[in-house]
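I opened my notebook to look up a few helices and their contacts. Here is the structure I worked from.

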Amino acid sequence: VNFARIEVAELPELLRKIEAYAGSPYTRLALKLMVLTFVRTGELIGARWQEFDLAAAEWRIPAQRTKSRREHLVPLAAQAHEVLRTLQQVRGDPERCTGAALLFPGERDHEKPMSNGTLLMALDRMGYRGRMTGHGFRGVASTALNEMGYRPDVIEAQLAHVEENRVRAAYNHARYSEERRGLMQSWADYCDAVRQSGQVIPLRSRPARAAV
């Protein structure tokens, strides 16, 4: 399947448009979290608060919600952590930010997640109809991270691409966790830098470091 996506050179403008998005704050925060985690759209909109360990700066997507049917670890960069804190403040009710509560419930039915169409509509309103999808953020991140010099195996592990050899997959899941944490923080820092400057900045891979 060919998912529409912009080129890395167009990322600064898109990030600026997301930051200035005047629609629902929940949609804007969902898009920001999508940028920072580049998970699959269904994994994002179906996310529940109990999957997040903010103290450890980790999001563990349970096996039943992933394409590979294996738990997927998403290290949370400081910027992703900030999006979640902002989401808690916007919700205003602590009870709506715990346990099985959805991060992004639908507008009409709060028991169901926000629809993929909500994200697509927001991208359309920003001028990206037919040029960008929620899934497109995965391709943009993959291209940029490869250009930054991160090891392809580590990028693939973070994208949760299905590994044929399950023994190797389990090994890699643990083996790359620290590198993945550094990768996610570098990606978030890169997104901040290009959004603020309005230009694509070539960044080299930096050593893994724990998220703040």
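Which side chain meets R131 in a salt bridge? I looked it up in this model, which is predicted. The partner is E10, at 2.4 Å from N to O. Side chains of opposite charge can pair when their charged atoms come close. I then placed the two residues. R131 sits in the loop between α5 (116–125) and α6, and E10 sits in the segment before α1 (11–19), so the pair ties together parts that are 121 residues apart in sequence. I also noted the total: the structure holds 12 salt bridges.

Next entry: α6 and α7. I found α6 at residues 136–148 and α7 at residues 152–159. Their packing angle is about 160°, and their axes are 10 Å apart. Angles over 145 degrees count as roughly antiparallel, so α6 is roughly antiparallel to α7. The crossing of α6 past α7 is right-handed. I listed the residues that make the contact. From α6 come R138, S142, L145 and N146. From α7 come P152, I155 and L159. I sorted this contact by class and got 4 nonpolar, 2 polar and 1 charged residues.

Next entry: α6 and α9. I read a packing angle of about 105° here, with the axes 11 Å apart. Angles of 65 to 115 degrees count as roughly perpendicular, so α6 is roughly perpendicular to α9. Which residues of α9 meet α6? I found L183, W187 and Y190. On the α6 side they meet V140, A141, A144, L145 and M148. I sorted these too: 8 are nonpolar, with no polar and no charged residues.

Last entry: α9 itself. I traced α9 over residues 177–197, which is 21 residues. From its first C-alpha to its last, α9 reaches 30 Å. That is close to the 30 Å expected at 1.5 Å a residue. Then I checked what follows. Just after α9, G198 takes a positive phi of about 80°.

How values were computed:
Residues are numbered from 1 along each chain as its sequence is written. This is a predicted model: local features need pLDDT of at least 70, side-chain atom pairs count only at pLDDT 80 or more; totals for chains, interfaces and linings use all residues. Side-chain values use heavy atoms; hydrogens and water are left out. Helices (H or I, at least four residues) and strands (E, at least two) are DSSP runs, numbered from the N terminus. The expected span of a helix is 1.5 Å times one less than its number of residues. Axes are lines fitted to C-alpha atoms, for helices over the stretch in contact, and angles run from 0 to 180 degrees between N-to-C directions. Angles under 35 degrees count as roughly parallel, over 145 as roughly antiparallel, 65 to 115 as roughly perpendicular and the rest as oblique. A crossing is left-handed if the near helix is turned anticlockwise from the far one by less than a right angle, and right-handed if clockwise. Contact means heavy atoms within 4.5 Å. Ala, Val, Leu, Ile, Met, Phe, Trp, Tyr, Cys and Pro count as nonpolar, Asp, Glu, Lys and Arg as charged, and the others, Gly among them, as polar. A salt bridge is a side-chain nitrogen of Lys or Arg within 4 Å of a carboxyl oxygen of Asp or Glu.
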